[in-house]
Amino acid sequence: MDMDYIKIPDVYHGYALSHFCVPKHYEEDLENIMIPWGLIQDRTERLARDIFQDVKDEPLTALCVLKGGYRFYTDLLEKLTALNRSQGSVSVPLHVDFIRLKSYENEDSTGEIKVIGGDSLTNLKGCNVLVVEDIIDTGRTMTKLLDILHQHQPKSVKVASLLVKRRPDSTGYKPDYCGFEIPDRFVVGYALDYNEYFRDLNHICVINDNGKKKYAVP
């Protein structure tokens, strides 16, 4: 599947904070706005249309990876349900589910994950599953999650991620649906956090050194 990503270049200065509305309590903690909220919404609407056209009339179980994915998940499903209302000849029955993951590192640093929240994955047997994630960094966590999901015999599994980060240690994994491919910068906002801060920021922004220091875990 040849995906048409929006690729944000490595040399990219974003938008000045003064050009958009940013909460005052974060003004000194951000370098720039990488992706404004409105652009996120328009891109999500297009992804919803692509997913809708691919699924057609088959039921779809949308599986949200918490916590970071909840904003993207909510907006994506809202746009999918809007398509259900407007496209009279095609309608996609939607089911919602949520999971939380816990990461483990063994002595070899290969990394393991465990599903610690949500309904039993046995409910996914025979279902078309859409995993909804906020960001894919190296791709290792998603690859391991997909291995776990396939053990429960779904009919199909596809992944929608708002962001994919270009990292030198990436496995090369690419989701089926992607909003933006971004440089290897630490981004926050739109439910992406830094030690649980910045989830209440609408735009996706680059955190600065002041923000990292201010909200560092003691």
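Visitor: What percentage of the 218 residues in the protein chain is buried?
Guide: This is a predicted model, so local features need pLDDT of at least 70 and side-chain atom pairs count only at pLDDT 80 or more, while totals for chains, interfaces and linings use all residues. Residues are numbered from 1 along each chain as its sequence is written, and side-chain values use heavy atoms, with hydrogens and water left out. Buried means under 20% relative accessible area, exposed over 50%, and partly exposed in between (1.4 Å probe, protein chains only). For the 218 residues of the protein chain, the buried part is 46%.

Visitor: What percentage of the contacts between residues at least 6 apart joins residues at least 24 apart?
Guide: A contact means heavy atoms within 4.5 Å. Glu 58 gives a local picture: leaving aside neighbours within four places in sequence, Glu 58 touches Val 92, Pro 93, Asn 128 and Lys 155. For the protein chain, the part that joins residues at least 24 apart is 67%.

Visitor: Where does that Glu 58 lie?
Guide: Glu 58 is partly exposed, at 35% relative accessibility. From Val 159 it is 101 residues away in sequence and 17 Å away in space, C-alpha to C-alpha. Its place is the loop between helix 1 and strand 3 (60-66).

Visitor: On to charges: how far apart are the mean positions of the positive and negative ones?
Guide: Lys and Arg count as positive and Asp and Glu as negative; His and the chain ends are not counted. The place of a charge is NZ of Lys, CZ of Arg, CG of Asp or CD of Glu. With 27 positive and 33 negative charges in the protein chain, the mean positions are separated by 1 Å.

Visitor: How many salt bridges does the structure hold?
Guide: Side chains of opposite charge can pair when their charged atoms come close. Here a salt bridge is a side-chain nitrogen of Lys or Arg within 4 Å of a carboxyl oxygen of Asp or Glu. By that rule, the number of salt bridges is 13.

Visitor: What separates Asp 50 and Arg 46 along helix 1?
Guide: These two form a salt bridge, with 2.9 Å between the closest N and O atoms. Arg 46 is partly exposed, at 39% relative accessibility. In helix 1 (residues 37-55) Asp 50 and Arg 46 are 4 residues apart, so the separation is about one helical turn.

Visitor: Is Arg 199 buried or exposed?
Guide: Arg 199 meets Glu 196 in a salt bridge (3.1 Å, N to O). Glu 196 is partly exposed, at 46% relative accessible area. With a relative accessible area of 14%, Arg 199 is buried.

Visitor: What is phi of Glu 196?
Guide: Most residues other than glycine have a negative phi, and most peptide bonds are trans. Glu 196 lies in the loop between strand 9 and strand 10, and Asn 195 in that loop has a positive phi near 50°. Glu 196 is not a glycine, yet its phi is positive, at about 75°.

Visitor: Which residue is joined to Leu 66 by a cis peptide bond?
Guide: The residue in question lies in the loop between strand 3 and helix 2 (70-86). With omega about 0°, the cis bond joins Leu 66 to Lys 67.

Conventions: Helices (H or I, at least four residues) and strands (E, at least two) are DSSP runs, numbered from the N terminus.
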